[in-house]
Amino acid sequence: MYFKQITTPGLGCFSYVIGCPAAGEMVVVDPKRDVQDYLDISRDEGMKIVHVIDTHVHADHVSGAQELKSQTGCDIMVYETSPVSYDFTPLKEGRVLEVGNAKLEVLHTPGHTPDALSLLVTDTTRGDEPWMLLTGDVLFVNDIGRPDLVGGAKLNEQVQNLWNTLYVKFAKFPDSLEVFPAHGAGSLCGRGMSSKPSSTLGFERRHNPMLGFDSFEKFHLAMSQNFPARPKSFTHIIATNAGGAPLLERCPLDLAMNPFRFEEKMQDGAVVIDVRDAAAFAGYHIPGSLNIGFEPSLANWVGMTVEPDADILLVVDSRDDYERMRTELHRIGYDNIHGYLSGGIQSWVYSGRPVDSLAIDSAQALQNAMDEGKEISLIDVRTPGEWEGGKIPGARHIPLIDILDGKFDLDEDKNHLLYCAAGYRANIAASYLQKHGYWNVRSLAGGYIAWSRAGFKTV
């Protein structure tokens, strides 16, 4: 049996290839939208892609099922009651798929979504005993799937489904069964996933806090609160996956725009995302642009900040950066990417068009201002958990998600200094505030990490 886990950085997505080189066939489970990895395996290993299976209708990334069907002719399989409008092969509880010496048994495992499935995998060359369990988003390493994404009206039903799947259905399987989830650290489909990509049922039973409850009542209480913020992109991604994602070949043509054309698109309402690092953005940037640079969770922050149907323009340093950013955006269904600024920010500057800057203060400068008794509007944009773990004296807590949702009260004419852990989220917040009329915002270089490592006081 051939088995390979494929990681999508940033989103924390795992997809799988299961096949049999001797039989020349393979199955792809939970594919990402950019499908070249699977096509390469198919070619290199001499295995035809015969099925693609989505364990559920994903909320955080666009499935590559339609791309694979278009390019290989494979059929798409999902659970029989899945709320999708495209043609698919329905999978029922107990159905067994045989791909050469690999055997996949379908389990209905609701909880993260009502129509989710898991796959019990057996390598028949080694024995008749199941070896692996592909759990989709119902069981992660050190966590379980959040039940709230289908809406508050079904929350209680979903919590009950989670309990039945994890504490009843999975209870019949041995500790030795290996667990391979659809997501890991970085995903917003859970609350505390480990960075380890796989585990065993036995280890999770002993060390996963969500599998250690001795009553449904305690489990229900724990699973009814404190969920991560839901990005704006999730509803759009769910609808895209349910309807069948459009093929990437239908997305707008790539355009390297001169400043004149770029400005015209801006005036038509396009959102400008500047992907350069915080220091480069601070030096000068296009007025109204948002600074969302490359880092592992960039796609999640785009999903928090930009509306899914927005027309998007990019400011990048190179064509490679454009291609990289375009892939990240396509993975979450942001397809209206109309181009990038040819020549980068320098071409805008040399055209004589206006620029903004974003002042950055050092930890030492902030400490000096405090020592001098200066009035400082210091805003901490980190999460509540980070805030409780320690903060800079005199700071006011306004999480980034609240700023993006407009849940704050700040004087537009006052000078505000924003900080997060290292500076990335503070720059998103500061650029967002600049775009909405807060002209005198700054960010703290290195954020709370720089402040604490400098040895300054925390509370």
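Which residue follows α2, and is its phi positive or negative? Helix α2 is followed by Gly 73, whose phi is positive, near 80°.

## Basis of the model

This is a predicted model, in which local features need pLDDT of at least 70 and side-chain atom pairs count only at pLDDT 80 or more, while totals for chains, interfaces and linings use all residues. Residues are numbered from 1 along each chain as its sequence is written, and side-chain values use heavy atoms, with hydrogens and water left out.

Helices (H or I, at least four residues) and strands (E, at least two) are DSSP runs, numbered from the N terminus. Buried stands for under 20% relative accessible area, exposed for over 50%, and partly exposed for values in between (1.4 Å probe, protein chains only). Contact stands for heavy atoms within 4.5 Å.

Helix α1 covers residues 36-45, and Tyr 38, Leu 39, Ile 41 and Ser 42 are buried in it. Seen down the axis of α1, these buried residues fall within an arc of 160°, so they line one face of the helix; the arc is that of the directions from the helix axis to the C-beta atoms. An α-helix has 3.6 residues a turn, so residues three or four places apart point the same way. On the other side of α1, Arg 43 and Asp 44 are exposed. The buried residues of α1 pack against the strands β1 (2-8), β2 (13-20), β3 (25-29) and β4 (48-53), and against helix α2 (65-72). Just after α1 comes Gly 46, with a positive phi of about 70°.

In α2, the buried residues are Ala 65, Gln 66, Glu 67 and Leu 68. Their cover includes β3, α1, β4 and β5 (75-79).

Asp 30 is not a glycine, yet it has a positive phi of about 55°. It is found in the loop between β3 and α1. Asp 30 counts as buried because its relative accessibility is 4%.

Asn 142, also a residue other than glycine, has a positive phi near 75°. Its loop runs between β11 (139-140) and β12 (143-144). At 31% relative accessibility, Asn 142 counts as partly exposed.

## The α9 and α10 pair

Two packed helices are described by the angle between their axes and the distance between the axes. For helix α9 (residues 298-305) and helix α10 (residues 319-331), the axes come within 9 Å and cross at roughly 65°. Axes are lines fitted to C-alpha atoms, for helices over the stretch in contact, and angles run from 0 to 180 degrees between N-to-C directions. The crossing of α9 and α10 is right-handed; a crossing is right-handed if the near helix is turned clockwise from the far one by less than a right angle, and left-handed if anticlockwise.

On the α9 side, Leu 298, Ala 299 and Val 302 make the contact, and on the α10 side Met 325, Glu 328 and Leu 329. By class, this contact has 5 nonpolar, no polar and 1 charged residues. Here Ala, Val, Leu, Ile, Met, Phe, Trp, Tyr, Cys and Pro count as nonpolar, Asp, Glu, Lys and Arg as charged, and the others, Gly among them, as polar.

## Side-chain polar contacts

A polar contact is a pair of N or O atoms within 3.5 Å; within protein, one must be able to donate a hydrogen and the other to accept it, and residues adjacent in sequence count only if both atoms are side-chain atoms. His 338 lies in strand β19 (residues 337-341) and counts as buried, at 18% relative accessibility. The side chain of His 338 makes a polar contact of 3.0 Å with the side chain of Asp 311.

Asn 440 sits in the loop between α15 (424-435) and β24 (441-444). Its side chain makes a polar contact with that of Asn 415, at 3.4 Å. Leaving aside neighbours within four places in sequence, Asn 440 is in contact with Lys 414, Asn 415 and His 416.

## Single positions

Val 106 belongs to strand β8 (residues 102-108) and is buried, with a relative accessible area of 0%. Beyond its neighbours within four places in sequence, Val 106 is in contact with residues including Leu 91, Arg 95, Leu 117 and Leu 119.

Gly 244 is placed in the loop between α6 (233-243) and β15 (256-257). Leaving aside neighbours within four places in sequence, Gly 244 is in contact with Gln 66 and Tyr 86. Asp 309, in the loop between α9 and β18 (312-315), is exposed, with a relative accessible area of 60%.
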